[in-house]
Each structure stands twice: as C-alpha cells, then as structure tokens.
Amino acid sequence: MFQDAPVPVMSLCDLCLSRVCWSLEQLCDSRADGSLRLRRAPSLPTETADQLLHKMTVEGLLNDRTVAIFRDGKAFRLRRAFIRGGPVSPGAFRLALCPHRLQELDASRLAEGHASGAEVLAALLTNPELTSSLQMLSLAGLQLGWDPLGPDGGPSVRAAGPSVRTVGGFSSLRALRTLNLADTGLTDAALEEVCSLPLLESLDLSRGAVTSLAPLLGCRATLRSLTAHGLHGLRRLPVVMPAAPGVPSVLIRLSQLRHLDLSDDRFEGAPDEEGLILPALVSLDVSGRKAVTERVVRAFVKARPSLVFLGLLATGGSACEVLTSRENLKVTGDANETQVCEALRRYKERECFLHEALSKLITGLMTSDLQLVLAGMRSHPSSLQVQLVASACVFSLTTQDLAEAMAPRLLAAAVDQLLLSMQSFPSHAQVQKNCILALCSDYILLEISFNRYLATKLVMTWLSSHDDPTLQKMAVAIISVLVAKLSTEETTQLGTDVSIIRQLLGVVQQRASLGVVDNTLRFALSALWNLTDGSPAAGRHFVQCQGLELYVEVLESYCSEPSVQQKVLGLLNNLAEVEELQGDLMEEDLLDYVLSVLGDPRVGVEVRYFAGGFLAQLSSRPKAWTLRQELLETIHQQLVGVPAEKEMVSYRCFTPFLPLLRTSQPAGVQLWAAWALHLVCSHNGMPCCGGLFWRTLGRGSLPTYSS
C-alpha cells in the first residue's frame, strides 16, 4: 500500500507519524532489557497503530528496541502488521506482536540473521486467539525448513538455525485466506498441509521446491488466485493458452480459479502440450514462456470477454492486435511503452522480468516512468543487472530540463537510490558512470535535498581510481558544488581525510602541468578552497601533501588568470587564519609576489581582496613574524587604502576577522578586516546580524561554476 504511494505530497497524518517515529527516543523510557516504552501512551485507533508500525518499518527504524512499544496492548491494538525487511528477533516478535489479534501480517524478507519463517510461525501459534483471527500472512523470502512429520506423526516445521518444532504448522491457522510462501523452499509435503486450510483463497508458492500441483485439489472449492512463478521442479508444465481441450490437468479442476500466474523466469522453451480450459479466468500470466504465438493469444482473449490482465512479457506474443482492441485489458509485454510500464508495476519483486522491462523502456522514457524505475531499484538493491539498467534510466529521466519540472521529493528519492547503487557496486565502472552522469545536474546539486556528504565521499572514491578526462571533469565539478553546500561540521570531517586532499591536489597538478585553464582545474581549486575553510586539519594535510609548493607554482604560472589567482589566494587565506600553519607560509618569495599583486592596479579587485586578506592575517602577529622587518612595514603600508566596494565572497562566520580588528593591530590590518565585514553586511540585501554566511558557487550551468 505505502511503498507504491506517489512521492510529491505527504499527508498531515504521514508527517505526524514520521515525527513520532524519529522522536521515539525522546518520547520513551527504557525497560530493564533495553527496549523502549512510551512514557504516555494514549489509546490509539487501530488504523493509526497499524500506520505507525508501517511507518517505523519503511523509515528503517524498526528493531528489537523500538518494536517493543507495541507490547502495550491498551495503547496499541494492531490488526494489520507490516514488518517487511525489518531486523526483528524471534523473542521481540513474540513479545510485541503476537499478543495482538492480528488479521494481517507481512513478515516478508526479514533481515538476514533475525527471525526465520519457522520462528515467526511458531510465535504465532503461541496465541490461540491470533490463530483464529489471522486472515493474511506473508512469509516470502524466509526459509521454513519444513519437516513433514513431527514427533507425534503430525506435520511440523523446523527452523534452519535454532531448533523450532511446532506440531500443526500452517494447518492451525484455520482463518487464513491469503498466504504468500514465495521463496520459502516450499515442498510437496508442506504444500499438502497448506492446501488443507478450509478458507484459503489466494496462494503464492513461487520459486518453491514443489514437483507436483496435485495437492491443490485439497482447496479447489475455495482457491481463487494461484501464483506459481518459476516452479522449475514441476514434472509437467501445463500450457494454458490453447483453447482446445487436451490431457486433463490438475488446474482444470480448480473451478473457482480467477487469477493464475504460471510465468517462468528462465525465458526458455515452450511447456508440454497440455490443454487447459479455465473459462472463468480474468487474470493470466505466462510471461517468460517462449513460443506463445499471436494466433494462440488471439484465440485465448476472444474466448474470455471478462479478461482484465494478461502477462506476456518475453513471450513473443504481446504485439497481437486483439490486445489493443480491449479497453479494460491490461497487458505486460514489450510491444509498446504501456505494456512495459505495466510490467514495471507488476514485476518489481521479480528481478528477471524487471531487468527485461527496464531494458525495453530505456529507449522510450517519459518522466512519469521515474517512480516505476525507482520502485524497481528499491526492490532489488543487490541486483547488478537491475541497478545497471535502472541507473541509466534515471539519468535519461533527470536531465536538466526534465528535472526542473519534477517534484523535488521525487528527485530526492532518485538521488538516494543512485547513492545506494554507488555504495552497492563500487567497482562496477558503468554503474558508477551512470550515477555520476545523473548527479551532474546543477539543479539537482543545488536545489534538491539529499545526503551531500555521502555523495561527496562516493564521488571522491570513484575519482581516486579513474582518470577518464570527461568523467573526471564531471566528478570534480560535482565535488566542488557539493563541498560548498556542506555544513561546517561535514566540511571539517571531510577535510580530515588526507586522501581527499591528496586526490584533489593530484587533479590540480595534472591540469597545471598541461598549462591549461579549464573547468576541471577551477573545480578542483574551488573544492580545496572550501575544504580548508575553517578546518585546521585540512590545512595541515594540504601542507603535508606539498600543496603549498604546488600553489606557489600555480600562482606564478597563471599570473594572468584572475579566476585561478582568486581561488589560490582564497585557500592561502584559509591557511593564514590557522596560527600553527603561519610558519609554513613565511616564504619571502611568496609574500613578495602577493604584495606585488596587492599593489598592482591592473589586477582585479577580487584578486586584490584575497591578497590583502592573506597578508593581513600573516602580519597581524608581529611576534610570530620571522622575515625582514622592512617587508612587514611595507605590507602594513600597502594594506592602507580605499579598495573598491564589491562583494567577492561570503563567509561562514566572522571569527577570522575579529582578531584583526583589535586596537593593537596596525591600521592596514584593521582596515582590511573592516572592509571585509562591510562587504559581507551590505550586499545582496542581507544585513548582518552575526549569523552564518555561506561561501557558495555561482548558479549558472555546470561548466561555469566559480567561487
């Protein structure tokens, strides 16, 4: 229900539930076992309690500690429990959820190493009221470890890990109407017990180990929906498309069947020539079964006027003209975009079909398809094939013009999925390339909210092992923009990683050795400038990696390039603000050069500004001065002047200026600091009130960013 909800707008209820989820630590006390208990727990409506549990699960906040709030049966009365994928142990599950009279439970694919399917089932059977109330159960993806005979000769279930034996098993859940046992290793004996349930209407036994469908005859009076996808162990595979009668089949005798899925994930071979007559079918899926001809499709559809769904992906039969003549018939196939999108909606849990659909979709994408692509990526985070094709789709769907027309939350979700793909497949060049291409959008980088710190780390990791010039330029551009948008704490944390400083210096050295002035060089200089801003650790790493020597060379080599000079001098300003690094900057040739820049009227004011800042910081501590006294006096004299009033940069805080304003400072040093404060406070309609001022990059297209 919730995982397919549209992204753009959150309801007030959803916002409130999210707030509660993320505030649990503040709202709760801890029990002796470390689990949480709400301090004040009003009696919530059942629907609200169900939604809270669901929200905790999808937000990734469900665990043994947090699920314990539902032990309070007076405050919470659960009916529909959704814990899919959660890391919940058998004990926590039994204490928190089993006391409730659940009607529905989705415990699919619980986190590895936690409760198994056998342990979930055993816990459910501890509450007799629950066994008589539970109508829907999903244990998909949980290995059950079935043992058909218990100690007393009855059916039992045994966990693969700790020994759990429960006589009766599924047959004790007499109220079950819907049961999902896909990917559980279901055996023939287990299927026979399941089919003894008196009210069973819907059964999913996909990718099980059954070799015969004969046990289904036990529930033929009630079974309306059967999903048997990928049953490779069946001794005979019935053909369901021909209308002509053939050898009698088990399926023919399921007279109440309305929905049937016999799709195959191996995309091979036509099944045995056995006819199947089920005139009451309204839904049939045979995707993946080859050699389904248009003639067969035509005959099948015409014989069933009530048909509402037909699965034909990767069959060769989805182009039949009869499919387009039925307005209410939904089809999965590859004949057109509508069929492919329907496949994305229906098959997000099936990796083989999802990859097939994405491969067909990539050449004809529409922006409305992005939600479907993301759902597929979320369903198969560890599938290389899915992530490879889906990341390419995301790139195609989020180019600049398309991105600006999308809901910001949808784009944020797309970026989150790209970052997960980069984390999951760090060594796969094409996945990384697809994600970097998608991230290289000025609108996404500047306007969309996502984990910029993580993105910076991931792109830096990629950059350290690749030297493709085009992608290197994109990666450095992304890093430059992201670093400028990080908080002070995040920038400082990044700056403590010497490998990041070394890698960016390597880019500067590479471009400078070629004597070029390009965006890659500018982006790398901007990134280093921002990384060293307010971060003494980053400054120390910069000096240790011979960055100072490199920057002196760059200053001299690019003396006629204001954009380069500004960024280099901006970083030197950052170093000069760190008292322990000032000794490394006491190089007479360097100071002479910067002094000449300050006094040269032909140099732009944006460069002279930073030249003055660098000299003001170094000359503000006479006791630490180690060079000629005449040079110090010359610097103080040059700093006295009336510079043009033009804003060059904004600052995170005023801390660097305050020591320069003391009455003990030389007049030139004080004047430069006052000039800087005046610029910050008087431009862009932002009066100063001691707040934070961010150094940001320009907001043109990506190739024109500059600090």
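Here are some numbered notes on the predicted model above.

1. Ground rules. The model is predicted, so to speak of a local feature we need pLDDT of at least 70, side-chain atom pairs count only at pLDDT 80 or more, and totals for chains, interfaces and linings use all residues. Residues are numbered from 1 along each chain as its sequence is written, and side-chain values use heavy atoms, with hydrogens and water left out.

2. The overall picture. The protein comes to 29 helices and 14 strands (DSSP runs numbered from the N terminus: helices are H or I with at least four residues, strands are E with at least two). Of its 707 residues, 53% are buried, meaning under 20% relative accessible area with a 1.4 Å probe, protein chains only; exposed is over 50% and partly exposed is in between. Take the contacts (heavy atoms within 4.5 Å) between residues at least 6 apart in sequence: 67% of them join residues at least 24 apart.

3. Ten strands make an open sheet with parallel pairing, in the order 3-4-5-8-9-10-11-12-13-14. Two strands pair if DSSP finds at least two bridges between them. The edges are strand 3 (80–82) and strand 14 (330–332), each of which pairs on one side only. From one strand to the next the twist averages 5°, with axes taken as lines fitted to C-alpha atoms and angles running from 0 to 180 degrees between N-to-C directions.

4. Strand 5 (residues 136–138) runs parallel to strand 8 (residues 178–180), and three bridges link them. M136 has T178 in strand 8 as its bridge partner.

5. Aromatic pairs. There are five in the structure; rings of Phe, Tyr and Trp (its six-membered ring) pair if their centres lie within 6.5 Å, and planes under 30 degrees apart are stacked, over 60 edge-to-face, the rest tilted. F70 and F76 make a tilted pair, 4.9 Å centre to centre with 55° between the planes, and both residues are buried. Y347 and F353 are also tilted, at 4.8 Å and 55°. Y347 is buried at 2% relative accessible area, and F353 is buried at 0%. Elsewhere, W529, Y609 and F610 form one aromatic cluster.

6. Charges over rings. The charged end of R346 sits over the ring of F309, 3.7 Å from the ring centre; the cut-off is NZ of Lys or CZ of Arg within 6 Å of the centre and within 35 degrees of the ring normal. R452 likewise has its charged end over the ring of F450, 4.9 Å from the centre.
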